[in-house]
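Let's take a walk through this protein, one region at a time. Keep the viewer open and follow along.

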Amino acid sequence: MVGSRLIFSLCLVLNLSVTAFSSLEFSRYDFPTDFIFGAGTSAYQVEGAAFQDGRTPSTWDTFAHAGHAHGATGDIACDEYHKYKEDVKLMVETGLDAYRFSISWSRLIPNGRGAVNPKGLEYYNNLINELIKHGIEPHVTLFHIDLPQVLEDEYEGWLSRRIVKDFTEFADVCFREFGDRVLHWTTLNEGNIFVLAGYDMGFTPPQRCSPPFGLAFCAKGNSSSEPYIAGHHLLLAHASAARLYKKKYQDKQHGFIGINIFAYWFAPLTNTTEDIIATQRAKDFYLGWFLDPLVSGDYPEIVKKNAGARIPAFTKNECKQVKGSFDFIGINHYLVLHIKDNPEKLKTDQRNFAADVGVDMIYALGPSGQYPVMPWGLQGVLEYFKQVYGNPPIYIHENGKQMKRNTTLNDTARVEYIQAYMGGLLDAIRNGSNARGYFIWSFLDVLEVTDGYKSSFGLYYVDLDDPDLKRYPKLSAHWYSAPSSASRFQQKFATELALKFSRDDFPDDFIFGAGTSAYQVEGAANQDGRSPSTWDAFVRAGGTHGASGDIACDQYHKYKEDVKLMVETGLDAYRFSISWSRLIPNGRGPVNPKGLAYYNNLINELISHGIQPHVTLFHVDLPQVLEDEYEGWLSRRIVKDFTEFADVCFREYGDRVSHWTTLNEGNVFALAGYDSGFMPPQRCSPPFGHSPCTKGNSSFEPYIAGHHLLLAHASAARLYKKKYQAKQHGFIGINVFAYWFAPLTNTTEDITATQRAKDFYLGWFLDPLVFGDYPETMKKNAGTRIPAFTTSESKQVKGSFDFIAINHYFATYIKDNPEKLKIDQRDFALDVGTDMIFKPQNDVPVGEFPLTTWGLQGVLEYLKQVYGNPPIYIHENGMQTQRNTSLNDTSRVKYMEAYIEVVLDTIRNGSNTRGYFTWSFLDVLELIDGYGSCFGLYYVDLDDPDLRRYPKLSAHWYSSFLKRRNMSSDGDIRIEKNKTPLSYAQSF
């Protein structure tokens, strides 16, 4: 085995330098889909509350209070014990998949064994639940240097075999109490370095060493033997805890258990045979010391030979227990050491671990003692694990850049370090490494074990002079947080994106989201019991240029992937619709269990990742069976069937859905489906209509369908408020399409005509909802063609909403045309008596919307002034572009930025607007244009069998806005230089 390792080392020396820095341009999508990105801390370094709620001192408390960390302690640290919710929120904003932290043995079991501290138990339950609630995986370490001092005092801790039993009992409590939610357990953090630093050199807890060894004054210890004894007991304790987990918990909790080691990479100082052999010896001592027993059941031969009787021997039973006692290996890696052979050290009679290795280790440090950027070292470690130890699953638990604290938030050196090492990691994965995850050390600037608060590794600066210990993101936090996407780390953009406003300018409870609808996104149209809808019939008749929703974006099967993208984008909420045909295939009667399960799964996935589901009940797609049976919305029978469908939705999903919208843009649906006939159910009559319709009556049917839509909404809302709202605490509303209208000229005629257009297109639905009846001008112009509300119906419709939702894209101009009102046979458009004029803008490409942000302002102000300022959600707003043109959708970014700014202006002016949803989250099947145009933040490759999603520039921009970052003209996230933390925070 030694010979093969030497050959491998020779090959690696020749090849690693060639591959260094070869992956500087990469994306999140270049990594495996289940690859985990995270960040870490440990209990004593971050929690604080050292003397609160029953916690007892650990050996680290003793060490720090003896002044060995430049006088710094973890008594308060970052106070995550009290601020964990704030920190988890930062993790969400950063986009972490996982958070690695440790459990303080002293907090959970203050006496080291025996009674569990309920306050400690509660804290870790709260932290884990908060992480899970926000879709962040907890990766838990059981021991991170901080042994209860009581056990150190009682039997010298890791020097006694008694520690194995106590550690296993501590682990048992953790597995029992937290294992239903924690899937990744690490028993020990860098046990190899812990025993060397704590029992040989003595500069970390428990600070044991003996002359002439040690870098600190130690009151007790034996540097020759104790590192080997402590290391032996660490391995036995790990094996015992792992055996317990696998035997008692793993089958029901389905988790994984591993161990962590510190993994230097070693390179020979010269190419001499002596230095190459010495380098392999260093690997055997620093890596093989722990890894060989775990993989092969015993220490490396060279370690046993050089340490002699000072290193304990495994019994046969212990060998069996230790061997294979892991599901993964965690590694902490920061730098490379160069090795020079020094045989003189081995001639010394009194030796410690360092002398047993028989080498000189040369540190290649950068400026001011900082770690140099040598990602080939990480590649070497991973390749070594692959070749020598059978390529086990690997998590990189720590990797990061040490810098002086309190110098700058613009930590470009850290960004360069992380970027380079992630590139090296990607190369290793492409070369077959079984690496599963990468955690930056550290999430916050924590108490460092020897340096206290003098240096830092964090993505977030913690202001220790602020009583509230406020956190500030560094450049590295912004860089790491950039959307996990094809251009996460490198892609340059070609647009000016500096914002004049921020997410924090909006009310705290304001919701930002994105939307789709069932038929446009789900696919699986003919699967699992779903029956056709009117939209299916429409597309099969060629209504969308031959495109259909049979497959669409296949969110039916890919919802988990899409929810992950939503998390990475930073959405607060996702607006989607429920397919009536999927849930109740016959339109009424039995519920389809597969449809029920799908929406339960989607809602649960959203909730588990902290995303609010905003659900629309009807989005164009009526079950075709009801259209065939009684012509759908033209019959009053639809009111009962719709209410029963709504009842199923409220009953089955209302415990988790708090925002219900009954109908999507009912006004435009009635016009496009029953007057012009270019939408399902495609009804119209000559001389009206934009398509050849086989049936319909454009003069009457839009008004009849609209009337039934309002009655159905009111009936469902009444049911919800009477039966569900008090216990589910949700809200119900309706959505209308909201053009804004401006007079073409300032003439009285055009001004009057503009108000008439508002009455017809907005008041048609809003007046009954707010006042109980249609606008007078509508009733006058439509006459008997528009149904009348009975007194009872008027009461039911009036006030039947908790919010109004609007879809708005652009404004249009109105010119009076009284001639239209003189025509006897009229449809809705003629009843308005106007010409609608769309003014193109010279700089807007064909097919794209003009920027008429004053239109949205006008709509919101009108709703405030005329309809009593109800709660408003902007359900759809977005830019149409041609599909398959570019991911660099600068026009969409400019559109969104302009409209979001206007929303802020109207809120400041008193509008009761509560949320903004961009249309659409993905490039979906568009109603008329099929896949010819798109609105999405994410491009869906329809030619890829896997329908892979790619983020556009707009996805990056929206994510940066939602995660409170800024993007410069070249797409880099930029932090101004020479800013204090306070001024930096104010600038955001």
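Over residues 483–498, pLDDT stays under 50, and the model has 62 contacts for this stretch beyond four places in sequence. This is a predicted model, and where pLDDT is low, the predicted coordinates should not be read in detail. The protein as a whole averages a pLDDT of 91, with 92% of the residues scoring at least 70. Residues 1–24 are another stretch with pLDDT below 50, and they have 41 contacts in the model beyond near neighbours in sequence.

Now go to strand S12, residues 435–441. S12 is mostly covered, with 6 of its 7 residues buried. Which strands pair with S12? One of them is strand S1 (residues 36–40), which runs parallel to S12 and is joined to it by 5 bridges. To find the spot, look for Phe 37, which sits opposite Tyr 438 in S12. Strand S10 (residues 394–398) also pairs with S12 in the parallel sense, over 3 bridges. Here Tyr 395 is the residue to look for, opposite Gly 437 in S12.

Next, a pair of helices. Helix H9 (residues 191–199) packs against helix H10 (residues 226–253) at an angle of about 145 degrees, and the axes are 9 Å apart. The crossing of H9 past H10 is right-handed. On the H9 side, the residues that meet H10 are Gly 191, Phe 194, Val 195, Leu 196 and Tyr 199. Their partners in H10 are Glu 226, Pro 227, Ala 230, Gly 231 and Leu 234.

Follow the chain out of H10 and you reach His 254, in the loop between H10 and strand S5 (256–262). Is His 254 buried or exposed? With a relative accessible area of 56%, His 254 is exposed. His 70 also has a phi near 60 degrees; this histidine lies in the loop between helix H3 (59–65) and helix H4 (80–94). His 70 is exposed as well, at a relative accessible area of 53%.

On to helix H25, residues 666–674. Here 9 of the 9 residues are buried, so H25 is largely enclosed by the rest of the structure. What does the covering? The elements over its buried residues include strand S18 (612–618), helix H23 (624–630), helix H26 (701–728), strand S20 (731–737), helix H27 (748–771) and helix H30 (828–832). Ser 715 counts as buried because its relative accessibility is 18%, and the cut-off is under 20%. Leaving aside neighbours within four places in sequence, Ser 715 touches Val 639 and Thr 643.

For context, most peptide bonds are trans.

Further along, there's an open sheet of 3 strands in the order S21-S23-S24, with mixed pairing. Its edge strands are S21 (740–743) and S24 (834–837), each pairing on one side only. Neighbouring strands in this sheet are turned by 40 degrees against each other on average, direction ignored. S21 and S23 (residues 811–816) run parallel and are joined by 4 bridges, with Ala 742 opposite Tyr 813 in S23. Helix H31 (residues 853–866) lies across S21 and S23, at about 100 degrees to S21.

A search of the whole structure turns up 96 aromatic pairs. One of them is Phe 849 with Phe 935, a tilted pair at 5.9 Å centre to centre with 50 degrees between the planes. The two are 86 residues apart: Phe 849 is in the loop between S24 and H31, and Phe 935 is in the loop between strand S28 (933–934) and strand S29 (938–940). Both Phe 849 and Phe 935 are buried.

Finish at helix H33 (residues 953–962), where 10 of the 10 residues are buried. Among the elements covering H33 are strand S16 (511–515), helix H20 (555–569) and S29. After H33 comes Arg 964, with a positive phi near 65 degrees.

Terms used: Residues numbered from 1 in each chain as written. Predicted model: local features only at pLDDT ≥ 70, side-chain atom pairs only at ≥ 80, totals over all residues. Heavy atoms only, no water. Pairing = 2+ DSSP bridges. Axes fitted to C-alpha atoms, helices over the stretch in contact; angles between N-to-C directions. Contact = heavy atoms within 4.5 Å. Phe/Tyr/Trp six-rings, centres within 6.5 Å; stacked < 30°, edge-to-face > 60°. Buried < 20%, exposed > 50% of the residue type's maximum accessible area, 1.4 Å probe, protein only. pLDDT = per-residue confidence, 0-100. Left-handed = near helix turned anticlockwise from the far one by under 90°.
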